[in-house]
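Hi everyone, thanks for coming. I'd like to walk you through a structure for a few minutes, so please have a look at the screen.

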Amino acid sequence: MAKSLIEELPRIVSEGRREAAQILERLSSGTHIGLQTNELVLPSKDVSGLFKGNSPQIPNAFNMAGGNGDGWMNRLIYGDNLLAMQALLAGDAQTGLPSLRGKVDLIYIDPPFDSKADYRTKISLPGTDIQQKPTVIEQFAYADTWEQGTISYLKMIFPRLLLMRELLSEHGSIYVHIDWHIGHYVKILLDDIFGKDNFKNEIIWQRAKTVGRMSAEEQLKYDSITDTIYFYTKSSATRINKQRKKLYYTKKQAEEFFLYDEKKKMFFKHSPKGNYSDESIRKFDLEGRIYWTKTGTPRIKTFLQSELKGKEELFFDLQEVGNLWTDLSDMMHISDDEKVGYSTQKPADLLERIIKASSNEDDLVCDFFGGSGTTAAVAERLGRRWITCDIGKPASLVMRKRFIDQEVKPFLYQSIGDYQKEAFKSNKRYKHVGDLSQVVLGLYGALPFTPEQTNDRNFGYIKGTRTLVMVDSPNRLTTAATIRKAVEAKASLLGGDWEKVVVLGWNFAFDISQAIQKYENSNVEVLVIPPDLLDKLAKKGFKKLIDDRSVRFSSLQYLVAKPLVVKHDGEQDEIDVELENYVLLSPDNIPLDDKDKVKLQQVLDQDPLSLIEYWSIDPDYDGVTFRSTWQDYRENTENDNDNLHCVYKTRLRVPHKQQRKVCIKAVDVFGFESQVVEEV
């Protein structure tokens, strides 16, 4: 008989503690995860097809880029938050970030609640809509989260909450936003991690104002219109800034419930004098702030304020907020100006209350299930520093565009630089890179060389042809140096009589397309190893994958730009940048239903540039850090009225340089990134 969830909890806690301890032990050993900086984003969205600013002079160490004078940079991180938190605990040497252990002032998380949720993303393209399934990394993350229902979910969340506690400062707070599916079990874990004495509140937020339509099954219960937010602190050294809310009254209600001050022409309520001295009471009386009862007892007046809502004048007073929040926006009525097209978006005033209550200006606020980016967006507006993270590519795109729209301070867009490396380290089947390379060669249809032929187990060949195959390591990025090595092997390995070389890679440098173009006359082909291959091997095994032929190696996508047009105007350079084409890997390799693959192919044939979701330019690329100095994206309608296309041409005016590199980077609607560099 299967164990009940209560019986499973001790094992969940024990395994979670062991996992977190191993992560923390790895930090002290010096072998830890790093962050890969994809962009330094300096928000400057296109408004007229013309960029008139100066190219920012920001050193690679990012000193002063954050605008705080201390080198701090806010961060948007794409990837598994377990890996992201490990990187933050370790520190990021490349960008000068010290370990954040004990440095975070506030954490808010809004993790997924529902095992039956549809994680697909609707993508609108010219003339059609398609539904994108999650990427393979997301699919396995969601599958692992819910494989055993609630047990899997608790296994997922427990070690993450432990790492969040490590990140919190001694006066730090955490708010965990959850719903009825799972909340009571999560509270047990929170009590274990933070201590029952550090549980401050169960906050009830009314997320819907009315009951919606219910299915026959749902009609057997009351509709759920609230979420729960658990508020814990790291220690008793916490702080909270008590918040107040407006209570509104119509004029008729004000006349019924309150007194009226004829001199001040204002409604008021009154309360006991409390600890005020007689001298204070006399001062208040002179100011008209004392109400004398019939028995001569002084009471303190509190005047109602008024504001016009539509054509009606409403009166309000301020009341301290309790743990029942019914006065905030609900999820169905987020204002159009605030909406970013993300299904689980939370309203800004909800996060504003939390951030104001449990942090001060310049404090560090983190959200490790970033979603639509509301936490970071509000933190920015309120003068806090922030880090946000999400495993979903759609979420990362939404957040990046939202922050640019808001014209936030410069921020880093980063990712887990060695995701496949971590997957390889955690697999129990292949202990050596060479072992895995032999398996990948077999799945591609190549034969390995014998030890007598070569001691490099990453090479093989296609039987009956003169095609050489090289498998790169999951422990590193496939770069221009990798392509050069493959071309050299084609010319020298076993006599060098090879007609073609195929490179199979896991992760790729962003400029890989340039390397491919550089060696285009060398008959080299670069293909992508499926990101879920290690998971498939663990679940199905090598023989099953060979038999069902389900492993597909796809080509890389790449961007094509027209030759740059440069004019010199005194101390300025005027550079015209224009996109020419976008080549996407086969629709067969994108997580779509068959009918949507057909729709996508039609768009590819007729309007390939419409697949560009976001593109940006660094007009002074140093070959190390991409500094996004100009951006455009499909929902930016300030330069045109078309929210399904970017503008594909812009003119940059930047300080004159005798020689410069211009780097153009694009992200398509599926989250694939590519870039091209032009020298002028």
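This is a predicted model: local features need pLDDT of at least 70, side-chain atom pairs count only at pLDDT 80 or more; totals for chains, interfaces and linings use all residues.

How many of the residues of helix 10 are buried? The count is 12 of 13, and the helix is mostly covered.

After the helix comes Glu407, which has a positive phi, near 55°.

Stay with Lys401 for a moment, please. Which residue sits 213 positions away from Lys401 in sequence but 8.1 Å away in space? That is Tyr614, with the distance taken from C-alpha to C-alpha. Tyr614 belongs to strand 32, residues 612-618. Its relative accessible area is 1%, and because buried means under 20%, Tyr614 counts as buried.

Now over to another set of helices. Helix 1 covers residues 5-29 and helix 4 covers residues 150-167; they pack with their axes 9 Å apart, at an angle of about 40°. Helix 1 and helix 4 are therefore oblique to each other. Their crossing is right-handed. And what kinds of residues make the contact of helix 1 with helix 4? Sorted by class, there are 13 nonpolar, two polar and seven charged residues.

Helix 4 has another partner to show you, helix 5, residues 183-194. Here the axes are 10 Å apart and the angle is about 30°. That makes helix 4 roughly parallel to helix 5, because angles under 35 degrees get that name. The crossing of helix 4 and helix 5 is right-handed.

On to the strands. Strand 25, residues 500-505, has five of its six residues buried, so the rest of the structure largely encloses it. Which strands pair with strand 25? One is strand 23, residues 467-471, which runs parallel to strand 25 and is joined to it by five bridges. Within that pair, look for Val471 standing opposite Leu504. Strand 27, residues 524-528, is also parallel to strand 25, again with five bridges. There, Val501 has Val524 as its bridge partner.

The order is 10-16-15, and the pairing is antiparallel. Strand 10, at 244-249, and strand 15, at 305-309, are the edge strands, each pairing on one side only. On average, neighbouring strands in this sheet are turned by 40° against each other, ignoring direction.

Let's zoom in on strand 15 and strand 16. Strand 16 spans residues 312-320, and five bridges pair it with strand 15 in the antiparallel sense. Gln305 has Phe316 in strand 16 as its bridge partner, while Glu307 stands opposite Leu314. How many residues lie between the two strands of this hairpin? There are two, and Gly310 in the turn has a positive phi of about 70°.

Four strands, in the order 11-12-14-13, make up an open sheet with antiparallel pairing. Its edge strands are strand 11, at 259-261, and strand 13, at 290-292. Neighbouring strands here are turned by 50° against each other on average, direction ignored. Strand 12, residues 266-272, pairs with strand 14, residues 298-303, through five bridges in the antiparallel sense. If you'd like a landmark there, His270 stands opposite Lys301 in strand 14.

Conventions. Residues are numbered from 1 along each chain as its sequence is written. Side-chain values use heavy atoms; hydrogens and water are left out. Two strands pair if DSSP finds at least two bridges between them. Axes are lines fitted to C-alpha atoms, for helices over the stretch in contact, and angles run from 0 to 180 degrees between N-to-C directions. Angles under 35 degrees count as roughly parallel, over 145 as roughly antiparallel, 65 to 115 as roughly perpendicular and the rest as oblique. A crossing is left-handed if the near helix is turned anticlockwise from the far one by less than a right angle, and right-handed if clockwise. Ala, Val, Leu, Ile, Met, Phe, Trp, Tyr, Cys and Pro count as nonpolar, Asp, Glu, Lys and Arg as charged, and the others, Gly among them, as polar. Buried means under 20% relative accessible area, exposed over 50%, partly exposed in between (1.4 Å probe, protein chains only).
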